[in-house]
Amino acid sequence: MTATTSKTTCPYCGVGCGVNFTLPSQVGGAVPPVSGDNSHPANFGRLCVKGSSLAQTIQSNDRLLSPMVEGHAVSWSEAIDTISSKIADVVKTHGPDAFAFYLSGQILTEDYYVANKLAKGFIGTANVDTNSRLCMASAVVGYKRAFGSDTVPCNYEDLELCDLLIMVGSNAAWTHPVLYQRIAAAKQRRPNMKVVVVDPRKTATCDIADLHLAINPGTDAAIFSFLLQHSVQAGILDSDFIADHTNGFKEALNQANESTPNLISTADFCGVSEQEVMILANWWSDTAKTVTFYSQGVNQSSSGVDKCNAIINCHLATGRIGKEGAGPFSITGQPNAMGGREVGGLANQLAAHMDFATPGAQDLVQRFWQAPNMATENGLKAVDLFQAIEEGKVKVVWIMSTNPMVSLPDTAQVRRALEKCELVIVSDCKAHTDTTAMADVLLPATGWSEKDGTVTNSERRISRQRGLLPAPGEAKHDWWAICEVAKTLGFRDAFAFRTPCEIFAEHAALSAFENNGKRDFDIGHFSSINKDEYENLVPVQWPVPKGRPEGTKRMFEDGRFFTPDSRARFIPVTPKKPVNAPTSEWPFVLNTGRVRDQWHTMTRTGDAALLTKHTDQPYVEIHPKDANQLGIEDKTLVRLTSPQGEALLKAKVSRAVSPGNVFTPIHWTQQFANASVVSNLIPSLVDPLSGQPESKHARIKLEAVTNISYGFIMSINPIMDLDCIYWCRIPSDIGYYYEVAWSKGESMSSLQSLLEKGKVSQEGAGEWLEYSHLKTQQIRLAHIEGKKLTSVVYLHNKPEPISTDWLLSKLIDRSLVSEQERMALLVGLPANIEDKGDIVCSCYQVGSKQINKAVAAGATSVEELGMQLKCGTNCGSCLPELKYFLPAITELSA
Ligand SMILES: Nc1nc2c(c(=O)[nH]1)N[C@H]1C(S)=C(S)[C@@H](COP(=O)(O)OP(=O)(O)OC[C@H]3O[C@@H](n4cnc5c(=O)[nH]c(N)nc54)[C@H](O)[C@@H]3O)O[C@H]1N2
Ligand SMILES: Nc1nc2c(c(=O)[nH]1)N[C@H]1C(S)=C(S)[C@@H](COP(=O)(O)OP(=O)(O)OC[C@H]3O[C@@H](n4cnc5c(=O)[nH]c(N)nc54)[C@H](O)[C@@H]3O)O[C@H]1N2
Ligand code: SF4
Ligand SMILES: [Mo]
């Protein structure tokens, strides 16, 4: 490793991979590609495609570089004064609960700690909630009900050591790719290891599954209710463990017997065959080393907490917890959702894994902080918070590192709330997001590679994200902005932190304060950490109490839990279906989730042309039978309507979803497409215990959008005011590329106006090449200026499978257009260039047509494809998809 290479942590998913980061050779120069850190225990050198593209996504041309008040750039001190005086004012007039923070699992532990301290100890409100409410709130409550604490028992090694892995509501192949690769490698080493996927949809994760239970949406708890009962019949209860270390087994079992009386009723409720349930039940009873790995298909549900406890019940009954290769493992999504939980950064937590209800906790925290205004009860959870903002109860909200205009359910409500709010403060790295558009005050934040602090991954491992590049413009660390506001509010001493190290040390000291083993979260070893030690902190799993610097690999090995009597609790669970069943008016069930190469609301990944190749437009996956019935063809535009709102998406006709169900990715915002925000469709229904929204479920109707022309526009100049039914901006390395759809009646006149107003070219200059075919309503135009291509417009009657790569490359390379190429510009491809098809391997830009060709020529394995085309040989994220090109395997989607 060179002197300029440092170790840091990937800022995307909760796997928390270690990354080697090399500084550019000159100040302001391009950052060399990153590599995986061989010594990091989360990834041992591996990175997925998002991680390995980190260098390409750092430099952004849309950074927020200065604080802004009402659209005007101001100094930091002016911005801080505006914020502090308004907070002081509303708190004085309306009380502390008129203020709220809405934070994120993507800020650092140190940022979270000072925000939580300011609100709960000094302003005096527990209105500190976070996008983690949308992500793992149900998992937290599930753990707390069972263990008395929010403790993830397992570690990543357990995923490799288990003999049965049940993946519930997780598409880890795309969402936790490095863990998925570790699991796939373990299964290859030990072919007897079984993997079961429980997901209504057939996903890339099913590639390694021995069994896929395509259950009815929301019905997971019934599967585990049945497994609990079956454990009795199969004689696999761990009676000693139940007797010595748990309470409530009988009640839970009685409820299971009532809820899922037999195999037939269970299979019927879940919409799968009895044989399938029985295969799982037999594997469950035969396999002591079982891990149940669960994610958003479990959490994002109106009964998410019960689903978690149904899973945990099964592990407690069989003693499959606190042992190698066994346990209920909730995987977290964001890089620091866990850190947020640790500091208490949720409205129903106090601090350091203590709650308002924990006896003595308020007093303890008050004394530790020397807090003048301790909050005394739970604050508002995300959905309620935005309701209270709309009702005028919360008057100032500080949104940090999250994009609620896209990610909260019922976007129309969120808009109404933010319009009504007296002061909306948004801290972000980006100037233009759907949420920054609603801000009164914008604060420029440092982003990954600039910000400095700690994060905790899904296996409780604390790692450093290091500040390696200078902050651009006026950007500052989030913790710094919070401390400045706190000081201006008069809390100078309590927020006099000069470095993240000082904050971390205080956080560690609070975790250990009067703890003595009573609370799970104890990192007292770091209470007096100094700057050098913090700089050199190596990844470590908490608890790290004084005297145990090596941390803790696995929890509950001694069978003692953090309840008052140290016993775990069984919870009786009644499986429930989602709140909104489909009706004749709203006949379809909408499911939502992620795609492989995009991150959330695309502020970090959406501008990287490389990462858009895998999925370039928002889509709705729909079963061929439904598509047929509704007259919807592949790649045509579909209107989705729910009682909440509307979205326009491209159809992806596929057998991956069952009839009556559709799936859409969550990523596209108004920055990238005019009408494709999927949260518009989601009602604000929440789990009554966790407050987590049922984001994976809405009832909707679907219709084909007819009478439209499809096409695309590319230009080296920005394209303004595109007034068409649908547009989607697709990043390219140079210029502007839009997929569009116009109403047929409007397409000619709109196109005319685009051309006339000089929106896609300099008016008058250069020449237009033109091809039109009235019968098929095709129009193809290419604009050339100084012998160079400047714009292309293609419009067709229906979506045409034209590869735009060559046209884009002609825009990008700015080479002269030869005489032979003039014709090719209107065909879309010169005769001598290969059309790659849809890109499958993002790293090496290998497309479906190339792969099909190699398979037709005899390639029979992923390895051979890799040797011939290089696909899959870098990060490996596309390996599951590559397999579906091989002859022996049926297609994932038809
Ligand atoms: N590429 C990429 N990776 C990411 C992210 C990203 O934005 N992009 N985000 C990160 C974050 S914050 C998170 S939280 C994680 C999420 O990681 P995952 O939870 O793995 O991802 P999702 O695609 O949201 O949902 C997982 C699956 O739940 C299924 N599902 C829907 N309803 C049900 C149900 O009722 N029961 C069951 N069993 N399954 C159901 C969906 O079909 C989907 O396949 O991903 C993290 N990793
Ligand atoms: N329908 C539906 N809705 C969902 C989900 C779903 O599956 N279905 N999933 C939910 C889940 S699990 C999650 S986690 C959320 C995610 O949803 P969001 O949190 O809203 O999405 P992000 O795009 O990650 O937003 C992060 C914002 O912070 C900015 N940012 C990045 N780094 C920093 C930083 O260091 N400081 C500051 N101040 N800003 C920064 C980014 O530019 C971006 O604008 O979506 C939720 N919503
Ligand atoms: S799996 Fe990929 S996105 Fe997740 S932490 Fe590792 S490199 Fe980053
Ligand atoms: Mo998440």
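User: Hi! Which domains supply at least three residues each to the shell around ligand 2?
Analyst: Domain 2 (68-134 + 336-497) and domain 4 (588-704) each give at least three residues to that shell. Keep in mind that this is a predicted model.

User: Thanks. How many residues surround ligand 2, and which are the closest?
Analyst: Ligand 2 has 30 residues around it, and N131, S407, D428, K451 and T601 are the closest.

User: Where does D428 come in? What is its distance to an oxygen atom of ligand 2?
Analyst: An N or O atom in the D428 side chain is 2.6 Å from an oxygen atom of ligand 2. K696 also has a polar side-chain atom 3.0 Å from an oxygen of this ligand. On the backbone side, a polar atom of S695 is 3.4 Å from a nitrogen atom of ligand 2.

User: And how much of ligand 2 does the protein bury?
Analyst: The protein buries 98% of the 920 Å² that ligand 2 exposes when taken alone.

User: Nice. On to ligand 1: which residues are the closest there?
Analyst: For ligand 1 they are G218, D220, S295, R594 and Q598, out of 35 residues that surround it.

User: Which atom of K696 comes up for ligand 1, side chain or backbone?
Analyst: The side chain: one of its N or O atoms is 2.8 Å from an oxygen atom of ligand 1. As mentioned, a polar side-chain atom of K696 also lies 3.0 Å from an oxygen atom of ligand 2, so K696 is worth a look in both places.

User: What about backbone atoms, say of H600 and V198?
Analyst: H600 has a backbone N or O atom 2.9 Å from an oxygen of ligand 1. A polar backbone atom of V198 is 3.0 Å from a nitrogen atom of ligand 1. As for cover, the protein takes up 99% of the 910 Å² of accessible area that ligand 1 has on its own.

User: Can we zoom out? What domains does the protein chain have?
Analyst: The assignment gives domain 1 (5-57), domain 2 (68-134 + 336-497), domain 3 (137-330), domain 4 (588-704), domain 5 (708-827) and domain 6 (839-893).

User: How far apart are the C-alpha centres of domain 2 and domain 5?
Analyst: Those two centres lie 44 Å apart.

User: Now the sheets. What is the strand order in the closed barrel?
Analyst: The barrel has six strands in the order β21-β25-β22-β24-β23-β26, and the pairing is mixed. Its neighbouring strands are turned by 45° against each other on average, direction ignored.

User: How do β23 and β26 pair?
Analyst: Strands β23 (residues 637-641) and β26 (residues 698-704) are antiparallel, with four bridges between them. In that pairing, L640 sits opposite L702 of β26.

User: And the open sheet, what does that one look like?
Analyst: Six strands again, ordered β28-β29-β27-β32-β31-β30 and paired antiparallel. At the edges are β28 (726-729) and β30 (767-773), which pair on one side only. From one strand to the next, the twist averages 10°.

User: How many bridges link β27 and β29?
Analyst: Eight bridges join β27 (residues 708-715) to β29 (residues 736-743), in the antiparallel sense. I708 stands opposite S743 of β29.

Note on methods. Residues are numbered from 1 along each chain as its sequence is written. Chains are lettered from A and ligands numbered from 1 in the order in which they are written. This is a predicted model: local features need pLDDT of at least 70, side-chain atom pairs count only at pLDDT 80 or more; totals for chains, interfaces and linings use all residues. Side-chain values use heavy atoms; hydrogens and water are left out. A residue is near a molecule or strand if one of its heavy atoms lies within 4 Å of it. A polar contact is a pair of N or O atoms within 3.5 Å; within protein, one must be able to donate a hydrogen and the other to accept it, and residues adjacent in sequence count only if both atoms are side-chain atoms. Accessible areas come from the Shrake-Rupley method with a 1.4 Å probe; for residues, only the protein chains shown count as cover. Domain bounds come from an automatic or database domain assignment. Two strands pair if DSSP finds at least two bridges between them. Helices (H or I, at least four residues) and strands (E, at least two) are DSSP runs, numbered from the N terminus. Axes are lines fitted to C-alpha atoms, for helices over the stretch in contact, and angles run from 0 to 180 degrees between N-to-C directions.
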